[in-house]
Amino acid sequence: MAKFTKEDIFRLAKEENVKYIRLQFTDLMGVIKNVEIPVSQLEKAVDNKMMFDGSSIEGFVRIEESDMYLFPDLDTWVVFPWTAEKGKVARLICDIYNPDGTPFIGDPRNNLKRVLKEMEELGFTDFNLGPEPEFFLFKLDEKGEPTLELNDNGGYFDLAPTDLGENCRRDIVLELEEMGFEVEASHHEVAPGQHEIDFKYANAIKACDDIQTFKLVVKTIARKHGLHATFMAKPLFGVNGSGMHMNLSLFKNGVNSFFDDSKELGLSDDARHFIAGILTHVRDFTAITNPTVNSYKRLVPGYEAPCYVAWSARNRSPLIRIPASRGLSTRVEVRSVDPTANPYLAMAVLLKAGLDGIKNKLAAPAPVDKNIYVMSKEERLEAGIHDLPATLADALDRVKKSDVVKEALGDHLFYRFIEAKEFEWDMFRTAVHPWERDQYMSQY
C-alpha cells in the first residue's frame, strides 16, 4: 500500500491534471457516498476541515447532531483512469469524525479499526483478507435502465464468443490494474451472465476499501459496454447466486498464525480456535454478512451456496473451506458471505467471532468431508451440522440476542442496523409479489 504525504497528494494532483476529488465513505448499508470538491479545495480537505451533514446518511446521526467531518486517508489516493483527459477525477477514502475531533462510532470503517485494536491486544499484528466477489451482467435498455436480459449464456470458465462479457471483464481488469490492483484471476462463473474477478489479499482495512473501489469500477465500466453490473445475491431464480468468499488469515510480525506444520492438516491451534469461533457465532452474525431479503434466496441447497454450518479441508459444500496452500498462504475461507454485505461490518463480525474462539480456546468440531448436500436432515443433525437462518427475519431474531455481534459493532451500529433491517423485512413481508398473483389470482 502506497504511503502518501500531503505534499505527495498536491504534486500528484498537479501531475495528473486532477480537477475534482471525491471524498468517499461508506454508510451503514455498505453504500458508497461521496462529497465531490474542486481541486482548489484539496488543501482544506487534507487538513481535515471538510464538513458534511451526517443526518442525511443512512445509520449516521439525528438532525440535531448532524455536523460531521471527513478525515481523508491519504494512502487511498487514486486517480480514476476513465475520467476525462481535460480534467481527471481522483478519490480519497475518508473516516468520519465528530466536531470534537473524536472518531464517529457510527462509521463502519472506524468501527473495524476499533476491532483491529482488540486483535493487536491479543498479540496479532495483521488480519488479512482475500475477497472473491461475484457479479452478474445484464443488458441495458434504450433508456439506459437495466433489463433482465443476460449478456451471455456462458458457464464456468467459458471463453468468447460464448462468454460475451469477456471484453467487459478485460476492460475492468485493465482499469483495476491501472489503479494499483493486483488482479489474480478473471473468469466466467457458473451461471449465465455471472462473473468473478479475484484480486490480491491485503490487510483488513485496505481489502475493504478495495472491495468498495472494485464495485465502483465494475459498475462504471459495465455501463460503458451497455451493461448493468449487479452484486445482488440472487438476481435470477434457478441458477447460482453471487457470493463473496472471504479468505482470512491472522499474522504475528510477518508469520502466519494459522500455519503449524507439526499439526494435522498443517493448521495451528489458533486456526482451529478461529474456525470454532466462526462456526459458533455464524448463525448470529449472518444478518450482517447476508443483509438483504434476497440474500436468503441464495442460501439454499442445490446451487453451491453454503447453507450448513460445518468446515472441511477437502470439499466445497461446508460453510468454511481450508484451501490447500500452506505456509504464508494458509487461510480460512468463509463461503457464506455475499457481496451485498457492508465489507467493514462483515470483517468486524468475522474477526470478533474468530478472536472469541481464540480467547476462549473453543474446540472446532471434526471436519465434514462428505458432500453435505446429499445428507438427510437426520444425518446432518447426527453430525452436529446446523442450518443457517432461512430468512432475514430469522437472522435478525438471532443477531438481536448476540453479545459478540453487539460488541463487534458497538451499540450505535448494532441498533441502527437492526432497526433498518426490520423495516426492510416488514416492507417485503407486507408487499404483494408477482408469484402470489400468479399462484392465487385465478385459483381464488
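Reader: What volume does the largest cavity have, and what makes a space a cavity?

Author: The volume of the largest cavity is about 100 Å³. A cavity is a set of points, on a 1 Å grid over the protein atoms alone, where a 1.4 Å probe fits but cannot get out. Grid points are joined across faces, edges and corners, and the volume is the space filled by probe spheres set on the points. The structure has one cavity of 30 Å³ or more.

Reader: What kind of model is this, and how are residues numbered?

Author: The model is predicted: local features need pLDDT of at least 70, side-chain atom pairs count only at pLDDT 80 or more, and totals for chains, interfaces and linings use all residues. Numbering starts from 1 along each chain as its sequence is written, and side-chain values use heavy atoms, with hydrogens and water left out.

Reader: Which residues that line the largest cavity are closest to its centre?

Author: They are Phe25, Thr26, Ile93, Gln212 and Tyr344, out of 14 lining residues. A lining residue has an atom within 4 Å of a point. Strand E1 (18-26), strand E6 (88-97), helix H3 (108-121) and helix H5 (204-224) each give two or more residues to this lining. Helices (H or I, at least four residues) and strands (E, at least two) are DSSP runs, numbered from the N terminus.

Reader: How is the lining of the largest cavity split by class?

Author: Six residues are nonpolar, four polar and four charged. Ala, Val, Leu, Ile, Met, Phe, Trp, Tyr, Cys and Pro count as nonpolar; Asp, Glu, Lys and Arg as charged; the others, Gly among them, as polar.

Reader: How do you know whether H3 has its expected span?

Author: The expected span is 1.5 Å times one less than the number of residues. H3 has 14 residues and reaches 20 Å from first C-alpha to last, close to the 20 Å expected. Just after H3, Gly123 takes a positive phi of about 100°.

Reader: Why is strand E13 called largely enclosed?

Author: Eight of its nine residues (244-252) are buried, so the rest of the structure largely encloses E13. Buried means under 20% relative accessible area, exposed over 50%, and partly exposed in between (1.4 Å probe, protein chains only).

Reader: What makes two strands a pair?

Author: DSSP must find at least two bridges between them. E13 and strand E7 (residues 126-140) have eight and run antiparallel, so they count as a pair. Leu129 stands opposite Leu248 in E13. Strand E18 (residues 332-334) has three bridges to E13, also antiparallel. Strand E14 (residues 255-256) has two, again antiparallel, so E14 and E13 pair as well. Phe251 has Asn256 in E14 as its bridge partner.

Reader: What makes a space a pocket rather than a cavity?

Author: A pocket is an open set, with protein on both sides within 12 Å along at least five of seven lines. The largest pocket has a volume of about 890 Å³. Its lining has 43 residues, and Glu132, Glu196, His245, Arg321 and Glu333 lie nearest the centre. E7 gives the most to this lining, with six residues.

Reader: Is Asp53 buried, exposed or partly exposed, and what is its relative accessible area?

Author: Asp53 is partly exposed, because its relative accessible area is 36%. That value falls between the 20% and 50% limits. Asp53 lies in strand E3 (residues 50-53). Asp67 is 14 residues from Asp53 in sequence and 5.3 Å away in space, C-alpha to C-alpha.
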